[in-house]
Amino acid sequence: MDRWVEATAQELVRHAERELDALVGVSSQSGDTRGAEEALAVCSALLPSEVEIERPPCSSPGYANDLIATLRGSGEKRLLLLGHVDTVVAADEHRPLEREGSRLVGSGAVDMKGGVVFALGILRALAARPESYAELSLLLVTDEEWRTHGLTHAQRFAGFDGCLCFEAGQLGPGGAEGVIVRRKAAGTLRIQARGVSAHSGSAPDKGRNALLALAAAAASVAACHEPRGRDKLSAVPTIMNSGEAFNVVPSGGELFCDLRANELSAFDRVMDAVPDQIGGATLHPELVRQWPGMDALNGTRDLLAAATDRLGKPILGLERGGASDASHMSQHVELTVDGLGPRGGGAHNPDEYVLRESLEPRAQVAVALVAALLGVER
């Protein structure tokens, strides 16, 4: 293994558990401005003193400003490290970090405060090697979990030599360490139904039942589900709300569906499958969230080979169904690699965890990618 990779990874791991404890100790549910500010304050305290800090507006109105920390050096390459500090778990269910055997359990531990800790450590390590880069930036956003549209800052980093995102890591076939180079496009489909209310006992047939229309729409969406097909399309109804009283024909409501596919264009046939009306109630479909797919499989092949050489063991390029900010950034930075954080499980639940034994091998993977991309002297 490259000596710098080994030594730097060891330094990351030496601090990782304590820093994860501090960051997970902050409840920062997406949309909680105060929690996001506190989480970013912890991150700021862990940054090297040499960084320039900016607080640009978040992509989502009403959220805490994002954070960009930048180091400037005398080298040639420009590299972006990417992460988010918002979590899914509500404040009243927040769980500070606890040790349970091999697990470091706490809200947001693996998605993705563990990865943020790695990114902070890498920034500190590279502050001492300014000859390795022209510009090294860390972007931490506060709205990744619930953002419905694009990432405002993506265009700013167009032309960078690489982007490394620190979502959770995973193992590939044979137990080899893997990183994410392909992600599906993601969409949220909302279908609104408009019917006519009526007394369900004395005049049920005078109504136009929005609930039945939504149920039929859910069946139509589910019929498009074809994860093994050409587009690898998954179409899953997830939330339905309709009706306000047990004895009234529902006059309105809405249905939400989660869509995933190789390309955003695959969602068109799901939209087309929703009928205009059922039983006199009209249906109005709308894509309220669209995230592009990411496919850096070919573009990152040489980089992964160089990182494998630095690490001394294989690093595999893998695919993941979930979306991330790397999906947005990959539209502007060809060499975008995700999944550089520690391994764990239970994301989006209070019992979310990082595997302690994954800290060192995953830190080595992350540092090897950085060293390969920047050409850090061995």
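User: What is the length of the polar contact that joins the side chains of Arg-99 and Glu-17?

Analyst: This is a predicted model, in which local features need pLDDT of at least 70 and side-chain atom pairs count only at pLDDT 80 or more, whereas totals for chains, interfaces and linings use all residues. Residues are numbered from 1 along each chain as its sequence is written, and side-chain values use heavy atoms, with hydrogens and water left out. A polar contact is a pair of N or O atoms within 3.5 Å, of which, within protein, one must be able to donate a hydrogen and the other to accept it, while residues adjacent in sequence count only if both atoms are side-chain atoms. For the side chains of Arg-99 and Glu-17, the polar contact has a length of 3.0 Å.

User: Is Arg-99 buried, exposed or partly exposed?

Analyst: Buried means under 20% relative accessible area and exposed over 50%, with partly exposed in between (1.4 Å probe, protein chains only). Because the relative accessibility of Arg-99 is 39%, this residue counts as partly exposed.

User: Which strands stand at the edges of the sheet that holds β4?

Analyst: This open sheet has four strands in the order β4-β5-β19-β18, and the pairing is antiparallel. β4 (98-100) and β18 (344-345) each have a single partner strand, so one side of each is left without a neighbour in the sheet. Within this sheet β5 (residues 103-105) and β19 (residues 353-355) pair over three bridges, two strands being paired if DSSP finds at least two bridges between them, and Leu-104 stands opposite Val-354 in β19. The edge strands are therefore β4 and β18.

User: Which strands stand at the edges of the six-stranded sheet?

Analyst: Six strands form an open sheet in the order β1-β2-β6-β3-β7-β17, and the pairing is mixed. Two of them have a single partner strand each, so that one side of each is left without a neighbour in the sheet, and these are β1 (52-54) and β17 (336-337).

User: Which helix packs on this sheet, touching β2, β3 and β6?

Analyst: Strands β3 (residues 78-84) and β6 (residues 135-141) run parallel and are joined by seven bridges, with Leu-139 in β6 as the bridge partner of Leu-82. The helix that packs on the sheet, touching β2 (67-72) along with β3 and β6, spans residues 109-127 and is α3.

User: What is the relative accessibility of Glu-135?

Analyst: Glu-135 lies in strand β6. Not counting residues up to four places away in sequence, Glu-135 touches Thr-70, Leu-71, Arg-72, Lys-77, Arg-78, Leu-79 and Phe-160. Glu-135 counts as buried because its relative accessibility is 15%.

User: Why are the buried residues of α4 said to be on the same side of that helix?

Analyst: The residues in question are Ala-210, Ala-213, Leu-214, Ala-217, Ala-218 and Val-221. They lie on the same side of α4 because, counting directions from the helix axis to the C-beta atoms, they cover an arc of only 145°.

User: Which residue caps the N-terminal end of α4?

Analyst: The buried residues of α4 are covered by elements including β10 (185-194), β11 (234-242), β12 (252-261), α5 (268-273), β13 (277-278) and β14 (281-291). At the N-terminal end of α4, a side-chain oxygen lies 2.9 Å from the backbone nitrogen of Leu-211, and the capping residue that supplies this oxygen is Asn-209.

User: What is the relative accessible area of Gln-364?

Analyst: Gln-364 lies in helix α8 (residues 359-374). Apart from neighbours within four places in sequence, Gln-364 is in contact with Met-1, Val-5, Ala-9, Leu-311 and Lys-313. Gln-364 is buried, and its relative accessible area is 8%.

Methods
Helices (H or I, at least four residues) and strands (E, at least two) are DSSP runs, numbered from the N terminus. Contact means heavy atoms within 4.5 Å. Axes are lines fitted to C-alpha atoms, for helices over the stretch in contact, and angles run from 0 to 180 degrees between N-to-C directions.
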